[in-house]
Amino acid sequence: MEVSVSAGPNTSGALRHVLGHLLTPLLMCVGMGLAYLGAFHAPAPHDLRVDIVGSGPTTQVLAQTLQDKGAGALDVRTVADRDAAVSALREQRSFGAYVPGTRPELLVASGSSDTSAMAVEKVFTKVAAGQDAPLKVTDVAPTASGDPTGQGVFFLLVALSIGAYASVAVIGGAGAVLPMRIRALLAAGMSLVVSLIGTLFAGPVFHLVDQGLGGVWAMSWLYAAGILAVGVGLHTFLRRWTTLGVMVLFVMLNFTSSGGIYRPELQPGFFGSLHAFWNGAGFVEGVRGHVYFDGHGLGGNVLVLALWLLAGAVLVVLAGLTESRREQAIAGRAQAPGTPGTAAAAGTGTGTVKDDAEARARAEAEEEMEEAVAV
């Protein structure tokens, strides 16, 4: 008697498939650990600008003493009077100003960075204690009542980023078969929706800002649109690795260099250098300048956001041209005489090569959507 045994699932093939896909979360784990721990695990000031108010030998000696003891942590300067110190703080050229005397006063601007203000306060509390005098702390640029730590802008950045790069995964994966112009329109629409949601969070819902909400929306839109444009453009070239690529650009390097938790003066030099031109820093510093510092530095930060959007637009155009060439090549192979399957396809009116390409595209889209779960 002959017994037939049906073949079971290809366990080894499925295992190789799973192991191949596990590479992405492992890379994410390593990348996030290196980025977040590298940027945040040991904040320490370096070249943190502080001012001593006054003139004369006593002021100069105090400034030089702090400079020498800081060993590179502080950049101590002297200014003539309190008004000059306030101007430097409001233009974000310094992060603290000490007014010595029998009743010493420390001027800070928490709107620039609460953690920097705390670092400065820690230094000058010890200075005042050495003079047996209580220290009065005056905040010349306080944050909004709904954002006492000043870090609400950073978490707004996180919300906008997640909405934008998650949309990239969906548009790139589920919408991969759509023409590039349709995907670009979807990206534009999603950037508008994400920015409006972020603006609602910043204003009516959580009161992270108490003025300038229109400007916050405009920067939110620029920021989200830049991420979506870059992501949609990159998808043509990276395919299933787009999620990882976008997370490297807009999470690992972006959040850590934004200055939302620690400004570059409290971070390692690598992240401080990214702060000068990365889009997250442009958003955070742009919102701070717009809301708390009368627009100081706003133009440069808006320019950073606009340049990222421009880079994304260029990527979208290049991606569209690349896809057009690919489609022409596929159509040429499908119509070439002697191509296997051409004769069979002629009777049905379908192109076997094109069908195979579309099937592969659908399979890649499904795999990418699975990868996007990591978002």
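A helix here is a DSSP run of H or I with at least four residues, and a strand is a run of E with at least two, both numbered from the N terminus. The expected span of a helix is 1.5 Å times one less than its number of residues.

This is a predicted model, where local features need pLDDT of at least 70 and side-chain atom pairs count only at pLDDT 80 or more, while totals for chains, interfaces and linings use all residues. Residues are numbered from 1 along each chain as its sequence is written, and side-chain values use heavy atoms, with hydrogens and water left out.

**Exercise 1. Helix H11**

Compare the reach of H11 with its expected span, then find how many of its residues are buried.

Solution.
- Step 1: H11 covers residues 279-292, which makes 14 residues.
- Step 2: From first C-alpha to last, H11 reaches 20 Å, close to the expected 20 Å.
- Step 3: Buried means under 20% relative accessible area, exposed over 50%, and partly exposed in between (1.4 Å probe, protein chains only).
- Step 4: Of the 14 residues in H11, 13 are buried, so the rest of the structure largely encloses this helix.
- Step 5: After H11 comes Asp294, with a positive phi near 55°.

**Exercise 2. The surroundings of Glu265**

Work out where Glu265 lies and which residues it is in contact with.

Solution.
- Step 1: Look in the loop between helix H9 (254-257) and helix H10 (269-274) to find Glu265.
- Step 2: Glu265 has 15% relative accessibility, so it counts as buried.
- Step 3: Contact means heavy atoms within 4.5 Å.
- Step 4: Apart from neighbours within four places in sequence, Glu265 is in contact with Ala44, Pro45, His46, Asp47, Leu48 and Phe95.

**Exercise 3. Rings around Phe40**

Classify the pairs that Phe40 forms with Tyr36 and with Tyr262.

Solution.
- Step 1: Rings of Phe, Tyr and Trp (its six-membered ring) pair if their centres lie within 6.5 Å; planes under 30 degrees apart are stacked, over 60 edge-to-face, and the rest tilted.
- Step 2: The structure holds eleven aromatic pairs.
- Step 3: Tyr36 and Phe40 have ring centres 5.8 Å apart and planes at 80°, so this pair is edge-to-face.
- Step 4: Both residues sit in helix H1 (residues 11-40), four residues apart, about one turn of the helix.
- Step 5: Phe40 is buried at 18% relative accessible area.
- Step 6: Phe40 and Tyr262 are 6.0 Å apart centre to centre, with 55° between the planes, and form a tilted pair.
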